[in-house]
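Me: Please take a close look at one pair of packed helices in this model. I would like the geometry and then the residues involved.

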Protein chains: 2
Amino acid sequence: MANIIRINMSSKDISVETNSDYEFLGGRSLSSRIICDEVEPDCEPLGKKNKLVIATGLLSGTIASSASRISVGGKSPLTNGIKEANCGGVAGGKLSKCGVQALIIEGKSPDEHCYVLFINKDEYRLEEKNELKYLGNYKTIKMIYEMYGKRVGILCVGPAGERGLRGACIAASDPHGELKFAARGGLGALMGSKGLKAIVVDDEGCNLISYSDKEKFMELAKDFNSKLANDPKTTGTYHNYGTTGIVKAVNAMGAFPTNSFRYGSTEHVDNLCGEKMNELILKRGGEGKLALSCMEVCAIRCSTIYPDESGKKIVSTMQYENIALLGSNLGMDNLDSVARMNYEINDLGLDAIDTGCALGVALDEGYGKFGCEEDCMALIGEIRKNTALGRIIGNGALITGQVLGSSRIPTGKGQGFAGYDPRALKGNGVTYSMSTMGGDHTAGNCFGSRGTVDPLGKENQGELSKTLQIQIGTLDCIGLCMFARGPLFADPSILADIVNFRAGSSYDKNTIWDLGINTLKIEREFNMKAGVSPAHDKLPEYLYEESLSPTNAVFDLTEEEMLKSII
Amino acid sequence: MANIIRINMSSKDISVETNSDYEFLGGRSLSSRIICDEVEPDCEPLGKKNKLVIATGLLSGTIASSASRISVGGKSPLTNGIKEANCGGVAGGKLSKCGVQALIIEGKSPDEHCYVLFINKDEYRLEEKNELKYLGNYKTIKMIYEMYGKRVGILCVGPAGERGLRGACIAASDPHGELKFAARGGLGALMGSKGLKAIVVDDEGCNLISYSDKEKFMELAKDFNSKLANDPKTTGTYHNYGTTGIVKAVNAMGAFPTNSFRYGSTEHVDNLCGEKMNELILKRGGEGKLALSCMEVCAIRCSTIYPDESGKKIVSTMQYENIALLGSNLGMDNLDSVARMNYEINDLGLDAIDTGCALGVALDEGYGKFGCEEDCMALIGEIRKNTALGRIIGNGALITGQVLGSSRIPTGKGQGFAGYDPRALKGNGVTYSMSTMGGDHTAGNCFGSRGTVDPLGKENQGELSKTLQIQIGTLDCIGLCMFARGPLFADPSILADIVNFRAGSSYDKNTIWDLGINTLKIEREFNMKAGVSPAHDKLPEYLYEESLSPTNAVFDLTEEEMLKSII
């Protein structure tokens, strides 16, 4: 059984344990389970009693494609409920190779030093690295590479996390030295509150992954990888556009957040879409790149490097959500502006979605002009300078709206909406309000089902959200990327078998979903005990009244319909 | 039966109704009941669906002393639960004389105009008075007196309420043209959110109060008034010190909030106490005054006018809570500083308690120095200028702490603590966390019982809080001042009879408390439906860990003990 490492930041003690109850758990099923087992639901999210759990996936570190996402869990300072955020990067696979199933970071450093947790095959140790304090993420990983060598995997927080801003995320280094983000829910503020700046994993000389049936695993994994590599979605969409291929479709359905969710589409769509991104990356060349993998083994390769006109890298990765929230939501008309803002937000260590929502609310309240990159950059600069206004925005959309006096705050359970207006994609309204995760883009995103359930209809939205919460939740619970779902949902026995061959569990194509179902259930119980009651399962009132162009939709689902989503 | 006036600020319609279900209700029993009957508990506090209820007391407008407090109710933008705040002033009595039992202000003005609701014997009307927009409270009442004559009673909000700051209160004019405040819970932001700047009541030619048995009422009221006038607490304490007489006692027991609740006593107590206030008012003379009444009929007369060295008025009224929160809590060493800050806060229309807590948190986070009036005035100036930092502080202690990154936020259910550290007066810790009202000084204040229940002990605190919640709650439910409790608690049949003779009810000395009990029960139900669950019945974690000098107390009551307070 792999090790669970417990790091007490109050005492700086590190201990190692194993837990047979957790044998068949990984990813979100493990991180959420540990939080539910160990954290008092009504504790203060940034206090001593909350814990940060970093869990590896059930297939992590193996040759299976897209399966080494790292899962981060804790009580969220945004939603006050349980939160799981996961991302790619290389730390997940490396932790698995080092024989680590999960890290439990507890307590709170009583001193002001800046700590790095170093993990390799021989040891786990905390090191004072005050030279990293308040450094941006890009400088942080550069210095960590200099200190520990280029082969390490890194998880770290930027100044936003260190300063306890609720919009803060956790960054993960990828194979190209770029960053991925466990972005949602303010878990970067939780990590920062512990006094932990970074986790550095060196897997040199380690391959401690055990298999129940290695031969069958390898065979099935190769088959799965090949299916995924040959999936037209992989080669046609992800390799060319990453996640940005859906911009035009979301805009066409009128669900593309524009000017702080005032409109559902933008006239600038042709300059913000994936096709434009692809064209610019190819035309500009230089450091620009398409089809990069975000972890060691991935056939999907949806990462990109977006260059400026001279070919110099601006940011990696240009993504759909960031184009939506930092682009059209702020009234922008070009991808270069999005990329430049995105770089700053990444460097500060903030969630681009919640920060995009917060910036939108600030512009809507007159703190700048929509479509003006300079105004937005000035607001982001306030966060960098740690001014009062900067701290407001860095604390996310809800606090921004509350402080600045907005009655139009696009949040679900305190978390900023993802890039789909719930009036024109009603299933996402159900997920934003009813799911354990709040306004999330991965907790049951109904966009992909627009062909089967009318996004503007009043029926089947609750059931659709429920199904997707379970399906995508199950992938989260394994540590698999949701973009790998094509071959897996087509034949769920692959999903069951690959987990069984690795972990020794005995799932089948029907029972594999129990991983998701059971996790969603305990998350919901945690939330109820945390005081996140049905009264919090509500969308903002303005969505029920203010109609959204061009569909003129309002959010009009009945409570009965919403309740169908409960797992 | 008296009239209930319904003012729809969306349509500007005004209608009049009576409700026999409310016949025997007044004050908090009426305002809370209407909120529970009419407001969706999970609505947005500053949205269209919330309502502001202004209710007169059961004895209001009569000759009974201290009985014309006005009760203000609504869903609080600070606690997200139900809130009642009441205060003196003349509007309550005048409304009763005009035959008004309650005002229900609903909807939300769709335009940006500034409205005044005018009430006299002939009519109820809304008037656009844009010249009042964003004016401070002192200028506002001055202009209203000019517009409507000096005899009117006024309820109004300052710029804080108009700008939706959650720390905003509702001001009430008193017989001397000074202000009293329905301060707690952010109900000024609720009034402001409706687009209503002021309510003006002219009772000329009105005396529409009905009596079940006028003769007996008059006899009993005179007897009660005389008992109250001759109570040594009235003549010895209130006439000399107002509410400030307890400063030394609270400081001596180590419960006097000092430097943002870091200490329980201050070395400057001799310069902050009621004895010093009395000495300075008498010595300085001029406009300074002691023993003023805050409503038309009051034997207690605890209001004061505090003058500067030259005898010029600084502020009315210097009160205990304000000395605690704006004085020692901010490290101040003199009453003049408290008075000057208090004036500004009154003028802005903010709750001095929550704002004092918020300023303390800001100083604790380095936004100024404790004991420096200039720094505090600069922060208050930010509120005046409506800057980002000003909006943070004006939104109260909880948001201030969340935005500025504090782990020491002195709030109960989101509302700033009153001037008693719950570690050294544990019963108040129960009230702050468990009562329906949150961190309040009138919802079950255990200071007065320090002789019977050890303030530092671990026992009987839950029961004490419960008893006081009911007893003081019952006075709130009648519209009586809590300082009138001496003769009434000594012989509760007076309380029952005086209500019966006025309203025709049939309470006795045992059943009169049902008014409080029933109200507390429906308030609790409202809160549960609003999502204010038992998880919110908690004090901040730092109180359990950080010991408070000079007693070295921490908050250490068991959950079992706390639960004894549930009504």
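Reply: Helix α1 (residues 27-38) of chain A packs against helix α21 (residues 514-529) of chain A at an angle of about 30°, and their axes lie 10 Å apart. That angle makes α1(A) roughly parallel to α21(A), where roughly parallel stands for angles under 35 degrees. The axes are lines fitted to C-alpha atoms, for helices over the stretch in contact, and angles run from 0 to 180 degrees between N-to-C directions. Helices are DSSP runs (H or I, at least four residues), numbered from the N terminus.

The crossing of α1(A) and α21(A) is left-handed, meaning that the near helix is turned anticlockwise from the far one by less than a right angle. On the α1(A) side, the contact is made by Arg28(A), Ser29(A), Ser32(A), Arg33(A), Ile35(A) and Cys36(A). From α21(A) come Leu515(A), Thr519(A), Ile522(A), Glu523(A) and Phe526(A). Residues are in contact if their C-beta atoms, placed from the backbone, lie within 7 Å. By class, this contact has 5 nonpolar, 3 polar and 3 charged residues; Ala, Val, Leu, Ile, Met, Phe, Trp, Tyr, Cys and Pro count as nonpolar, Asp, Glu, Lys and Arg as charged, and the others, Gly among them, as polar.

This is a predicted model, in which local features need pLDDT of at least 70, side-chain atom pairs count only at pLDDT 80 or more, and totals for chains, interfaces and linings use all residues. Residues are numbered from 1 along each chain as its sequence is written, with chains lettered from A and ligands numbered from 1 in the order in which they are written. Chain A averages a pLDDT (the predictor's confidence in each residue, from 0 to 100) of 97, and 100% of the residues score at least 70.

Key: Helix = DSSP H or I, 4+ residues; strand = E, 2+ residues; numbered from the N terminus. Parallel < 35°, antiparallel > 145°, perpendicular 65-115°, else oblique. Contact = placed C-beta atoms within 7 Å.
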